[in-house]
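Here's a quick tour of a protein model, written for someone new to reading structures.

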Amino acid sequence: MRPLLQVQDLHVAYRSRTGEVCHALAGLSFDLGPGEILGVLGESGSGKSTLAASLLRLLPPNGIITGGRILFEGQDVLHARPREMEKLRGRRISLIFQEPSVALHPAMRVRDQVEEVLRAHEPLDFAARRNRTRQVLATLFSAEADRIANSYPHQLSGGQRQRVLVAQAIACGPSVVLADEPTASLDPTTQQEILTLFRTLRQALGLSMVLITHNPGLLAGLADRVLVLYAGRAVEVGPAESVLASPQHPYTRALLRCVPPLDQKSQASRKAMLPVISGESPNLSVLVRGCPFEPRCPEKMEVCKSCDPAAVPLSEAHTVSCFKFPG
Amino acid sequence: MQLLLNVENLMKRYVTGKSFGSREFLAALDGVSLSIQTATTLALVGESGSGKSTLALCVACLERPTSGSMWFDGRDVAALGEKQQRAVRPQIQLVFQDPANSLNSRLTALEIVAEPLIIQRRFDKQTRSKRACALLERVGISAKKAGSRPDEFSGGQRQRLAIARALALEPKLLILDEALSALDCSVQAQIANLLLELQASLRLTYLFITHDFAMAAHLADEIAVMDHGRIVELGAAEKLLRSPEHEATRCLLAATPRFHGAANLPEGL
């Protein structure tokens, strides 16, 4: 099966006013197949949001894509002309933003906000647009659709607002949806609702998704594959169950150990100190030789200091960038 | 064991609309009773809108409850006048969810931590700086960074700063209102460890408000589940997890994302 979206050796850097260069993404490669949900797991500063922005070429003016390729349905995204980009963005690849209360216009009715997306991308007349909007809202809200369509964002709950963002994202029938921390501001019950919605949409519309998050719990049971991002690099990629249940890279292992388990067996493990990752998060403005996790790694070796680890396949779908595993 | 906080039948109603003399009320707290023993942690779990934060504000004496009593350290605080309440407030401090918004970005770390002491007119200038420095060190911020402003710190360090500020007046009760929710999971673990360590050494009492059931179960002795302004279930953390009785508890537990195996990994390979 040919991948829908291919990212090859992507490098993105930000230049600050003082001339300092920050390497947010340093050689990231991955594929996304049709109908696949890829979870991107990373902490702040790992390059998660930079990834979402560069896939749509929405980086701020000081962000520069310094190398690599992004292919979407065979088309080179990085060399597309602005006109061609407009046809992709929001139409073939769309983005669900993090904060629904900020992303929605406070003084426009929900219906008009969804219609606005269609007006920008589709050559439909008024009646057809109305009709399409109604259909999209009906898939997301079923019985309440008419009431929601007439509401303003402040009249909706957080979960409903998030659904409106989803409605905007799928209005034009895209093949890839990027979601950058889509549930960060929601409580767990609503979070689960939105995740279930993603699952349903994937089945109903055959959507591919890139789900970017810092919360490993969200990916369990939703993502097909997980990519773990550290210092702008993919340190581990593999099927969700194997990455989350038996992580191999020292960083993934350390990260997942930080999360307290819900099924605490004994009194003793409660209130015990949680394992932490020692040391400080990487400074991306100095280009380091060697593995970016080396200074904090509990299993570092001599070679980690001087050479960049290449991705080593553990199984057909699971790769790890670490010298612990002989290539 | 000594009771630090005992809340009985606390009600808080807000007026939501007034039309032609008839008023409508929203019962944010609808008869809440709970108690916390000294040097223990009570976790308050519930969906958004269940009244967790209103309860926090009432306990912190920042909102006056409509009715009910609230005994803190042997006194009924809810019945006190404004002036007497002012003497109670320093003993109850808050740490908020987003340290980026709850810290004054124009002050240095040292000034932020010393500010409560200035407001309460405690000590002279030198002693205040010395104490603030000691507090920064205590929460893991080196004295070298005392002159930096909040935007120069990372998210985790900012939350450490917020904790240092909350500790400046040597409070007995710390209300942690979603204090870990905005942080990355590796940073959450660090701050959780700091809180545990502080509790052990300073005999602090925590009211830990969260919607993360796993973290609540890890940090708390007891868990209270709130729903629609009421506490629907309250009990020892293990028991609540093992045999949740109320529907709301079961819903919250079911919604808590979980994955198995990783947490049981041994150190190293």
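Predicted model: local features only at pLDDT ≥ 70, side-chain atom pairs only at ≥ 80, totals over all residues.

Residues are numbered from 1 along each chain as its sequence is written, while chains are lettered from A and ligands numbered from 1 in the order in which they are written. Helices (H or I, at least four residues) and strands (E, at least two) are DSSP runs, numbered from the N terminus.

**The sheet in chain A**

- Chain A has an open sheet of 8 strands with mixed pairing, in the order E6-E7-E8-E3-E9-E10-E12-E11; two strands pair if DSSP finds at least two bridges between them.
- At the edges sit E6 (93-96) and E11 (311-313) of chain A, each pairing on one side only.
- From one strand to the next, the twist averages 20°.
- E11(A) and E12(A) (residues 319-321) run antiparallel and are joined by 3 bridges.
- Look for Val312(A), which stands opposite Val320(A) in E12(A).

**Helix H7(A) and its partners**

- H4 (residues 110-121) and H7 (residues 158-170) of chain A have axes that come within 8 Å and cross at roughly 25° (axes are lines fitted to C-alpha atoms, for helices over the stretch in contact, and angles run from 0 to 180 degrees between N-to-C directions).
- That angle makes H4(A) roughly parallel to H7(A) (angles under 35 degrees count as roughly parallel, over 145 as roughly antiparallel, 65 to 115 as roughly perpendicular and the rest as oblique).
- Val110(A), Gln113(A), Val114(A) and Val117(A) of H4(A) meet Val164(A), Ala167(A) and Gln168(A) of H7(A); "in contact" means C-beta atoms, placed from the backbone, within 7 Å.
- H5 (residues 126-141) of chain A packs against H7(A) at about 135°, with the axes 10 Å apart.
- So H5(A) is oblique to H7(A).
- Here Val136(A), Leu137(A), Leu140(A) and Phe141(A) of H5(A) touch Arg163(A), Val166(A), Ala167(A) and Ile170(A) of H7(A).

**Where chain B meets chain A**

- How many residues of chain B are in contact with chain A? There are 37, and they touch 39 residues of chain A.
- Helices H7 (185-202), H8 (213-219), H9 (237-242) and H10 (247-255) of chain B each give two or more residues to this side.
- H7(B) gives the most, with 8 residues.

Notes: Contact = placed C-beta atoms within 7 Å.
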